[in-house]
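Trainee: Please take me through one part of this model in detail. I would like the annotated site and what surrounds it.

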Amino acid sequence: MHIKIVCVGRMKDSPERDMVNDYIQRAAKTGRGLGIRSVEEIEVEAGGGKTKESERILARVGNARLVRLDERGKALKSMEFSKKIANWRDTGDDVAFLIGGADGHDKSLTPKAPDAISFGVQTWPHKLVRVMIAEQIYRALSIEAGSPYHRE
């Protein structure tokens, strides 16, 4: 299984960039023993409107299951999220978590990416959403690995 975080826009060097990189490295290391071949972040160019940004996202995801990060999506507990990733792995699905641009995802993306996850009803800065999904991927894999990282 390959896990991708596909984001519109480029994140410059910052504390958030360091956190995303750290969690992706941790997730990749933890995931190796679980059948996760890679965990990566892919940045696509911003601009040109939601339709163009969605086209750029779709050009980078391959045949992965697409999961939109959207405030209108389903809020999952970490254990539920972990089980979803394990189920996708067990069915042979790669997964791509999609973070839209400043105006969100184009509605044309919804039929191709019907699954949507929310980090709550608030609107979050894109930098923090990247950190949060990277951390939740690491947390989910650590749960599957039986690590003490997650405490419930």
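Mentor: Gly100 counts as buried because its relative accessibility is 7% (buried is under 20% relative accessible area, exposed over 50%, partly exposed in between, with a 1.4 Å probe and protein chains only). The model is predicted, so local features need pLDDT of at least 70 and side-chain atom pairs count only at pLDDT 80 or more, while totals for chains, interfaces and linings use all residues. Residues are numbered from 1 along each chain as its sequence is written, and side-chain values use heavy atoms, with hydrogens and water left out.

Gly100 sits in the loop between β4 (95-99) and β5 (115-118); helices (H or I, at least four residues) and strands (E, at least two) are DSSP runs numbered from the N terminus. Not counting residues up to four places away in sequence, Gly100 touches Val8, His105 and His126, where contact means heavy atoms within 4.5 Å.

An unreviewed UniProt entry annotates Leu69 and Gly100 as "binding site". The two are spread over 32 residues of sequence but cluster in space, with a largest C-alpha distance of 7.8 Å. The lining of the largest pocket includes both Leu69 and Gly100. A pocket here is an open set of points on a 1 Å grid over the protein atoms alone, with protein on both sides within 12 Å along at least five of seven lines, and lining residues have an atom within 4 Å of a point. UniProt positions follow the numbering used here, feature names are shortened, and annotations may be inferred rather than shown by experiment.

Leu69 belongs to strand β3 (residues 65-75) and, at 10% relative accessibility, is buried. Its contacts, again leaving out residues up to four places away in sequence, include Ile99, His105, Val129 and Ile133.

Next comes helix α4. Its 20 residues (126-145) should span 28 Å at 1.5 Å a residue, and the end C-alpha atoms are 29 Å apart, which agrees; the expected span is 1.5 Å times one less than the number of residues. Of those 20 residues, 14 are buried. Just after the helix, Gly146 takes a positive phi of about 80°.

Arg130 lies in α4 and is buried at 4% relative accessibility. Beyond its neighbours within four places in sequence, Arg130 is in contact with residues including Val8, Arg17, Glu41, Glu43 and Ile99. Its side chain meets that of Glu41 in a salt bridge of 2.7 Å, N to O (a side-chain nitrogen of Lys or Arg within 4 Å of a carboxyl oxygen of Asp or Glu). Arg130 in helix α4 and Glu41 in strand β2 (residues 38-44) are 89 residues apart, so the pair links distant parts of the chain.

Asp115 is partly exposed, with a relative accessible area of 27%. As for Arg130, salt bridges that share partners join Arg17, Glu41, Glu43 and Arg130 into one network.

How values were computed:
On a 1 Å grid over the protein atoms alone, a cavity is a set of points where a 1.4 Å probe fits but cannot get out, and a pocket is an open set with protein on both sides within 12 Å along at least five of seven lines; lining residues have an atom within 4 Å of a point.
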